Amino acid sequence: MGGENDSPSRQLARFVGNVAENRFTGMQVWQIFRRDRYLRGGDHISFLQQGYPAARFTEPRENFAHQHQDVRVENGVQYGDLPQFCDFPYIARVARVNGAALWSLAQAPGTPKGVKILTSQLTNDTDLVWDRGPEPDLAGYEVLWRHTTEPDWTHVIPVGNVTAAHIQISKDNVFFGVRAVGRDGHRSPAAFPVPSS
């Protein structure tokens with residue numbers, strides 16, 4: 001049914017890109033849709049293995065003489081992960097991205113739970129249901145959708161403080177998500193619906 005790029009981790013990555021790519025961080029956040037780089041892995045993998053949504057932050061062009069190397073000098077070349085090879089302004093911008101993401105997660109309602117797309121009937125419309133969140137400042141929900149060829153959400157439909165929505169768009173042609181909205185306008189990461197009859 002699809003959904004390979006709609007795990008909780010991928011929704012977290014979309015959320016980070018949405019809240020942390022701004023003039024305060026000075027960063028362009030790219031979403032790379034794969035578990036990790038070739039021949040190496042990041043700390044996020046252990047979180048994924050335990051069932052926690054996780055994302056990794058890496059620079060787009062790594063210098064392999066200073067990563068994944070024992071500290072040594074070989075043929076006059078210094079190898080190893082040493083402070084003189086760190087790009088501290090870049091590290092500060094990455095810290096701002098992390099800070100923006102964590103602050104936004106803390107301010108927003110929780111990601112909706114129990115999100116289902118009803119599939120018991122052949123229809124060109126879409127019916128979604130979910131569980132109401134417990135947050136006292138919960139204002140309502142939004143249904144997100146995108147074409148199956150799009151990497152990120154492209155359309156938002158505010159549906160109010162409800163636990164079901166009928167959308168006049170075919171579930172066969174697009175991907176849907178549901179996110180919670182707080183009274184202050186902060187939004188949760190999206191939840192991808194699972195089929196249910």
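## The overall picture

Of the contacts in the protein with a separation of 6 or more, 60% are between residues 24 or more positions apart. Keep in mind that this is a predicted model. Buried residues make up 35% of the protein's 197 residues. Taken along the principal axes, the C-alpha atoms fill a box of roughly 70 × 35 × 30 Å.

What is the protein built from? It has three helices and nine strands. Reading from the N terminus, their order is α-α-β-β-α-β-β-β-β-β-β-β.

## Helix H1 and serine 9

Let's begin with H1. This helix has 13 residues, and from its first C-alpha to its last it reaches 18 Å, close to the 18 Å expected at 1.5 Å a residue. H1 is mostly covered, with 10 of its 13 residues buried. The buried ones include Leu12, Phe15, Val16 and Ala20, but Arg10, Gln11 and Arg14 are on the list too. An α-helix has 3.6 residues a turn, so residues three or four places apart point the same way. Which elements do the buried residues of H1 pack against? They pack against helix H2 (44-49), helix H3 (88-107) and S5.

Now zoom in on serine 9, which is found in helix H1 (residues 8-20). Is serine 9 buried or exposed? Serine 9 counts as buried because its relative accessible area is 13%, and the cut-off for buried is under 20%. Leaving aside neighbours within four places in sequence, serine 9 is in contact with Leu48, Tyr52, Pro53 and Ala54.

## A sheet of three strands

Next, find the open sheet whose three strands come in the order S6-S5-S8, with antiparallel pairing. S6 and S8 stand at the edges with a single partner strand each, so one side of each is left without a neighbour in the sheet. On average, neighbouring strands here are turned by 25 degrees against each other, direction ignored. Strands of a sheet pair through backbone hydrogen bonds, either parallel or antiparallel.

Follow S5 along both of its partners. S5 and S8 are antiparallel and pair over nine bridges; within this pairing, valine 143 stands opposite valine 178 in S8, and histidine 147 stands opposite valine 174 in S8. On the S6 side, five bridges join S5 to strand S6 (residues 155-160), again antiparallel. There, tryptophan 145 has histidine 155 in S6 as its bridge partner. How much of S5 is covered? Eight of its 10 residues are buried, so-called mostly covered.

## A sheet of four strands

Another open sheet has four strands in the order S7-S4-S3-S9, and its pairing is mixed. The edge strands are strand S7 (164-167) and strand S9 (194-196), each of which pairs on one side only. The twist averages 30 degrees from one strand to the next.

How many bridges join S4 to S7? Strand S4 (residues 126-131) and S7 run antiparallel and are joined by four bridges. For one of these pairs, look at valine 129, whose bridge partner in S7 is alanine 164. In a regular strand the side chains alternate between the two faces of the sheet.

## The nonpolar cores

The largest nonpolar core has 15 residues, and those with the most contacts inside it are Leu128, Trp130, Tyr141, Val143, Ile167, Phe176 and Val178. Which elements give two or more residues to this core? They are strand S3 (113-118), S4, strand S5 (138-147), S7 and strand S8 (174-182).

A second, separate core of 10 residues includes Leu12, Met27, Val29 and Val94.

Technical notes: Residues numbered from 1 in each chain as written. Predicted model: local features only at pLDDT ≥ 70, side-chain atom pairs only at ≥ 80, totals over all residues. Heavy atoms only, no water. Buried < 20%, exposed > 50% of the residue type's maximum accessible area, 1.4 Å probe, protein only. Contact = heavy atoms within 4.5 Å. Pairing = 2+ DSSP bridges. Axes fitted to C-alpha atoms, helices over the stretch in contact; angles between N-to-C directions. Core = buried A, V, L, I, M, F, W, Y, C linked by side-chain atoms within 4.5 Å. Expected span 1.5 Å × (residues − 1).
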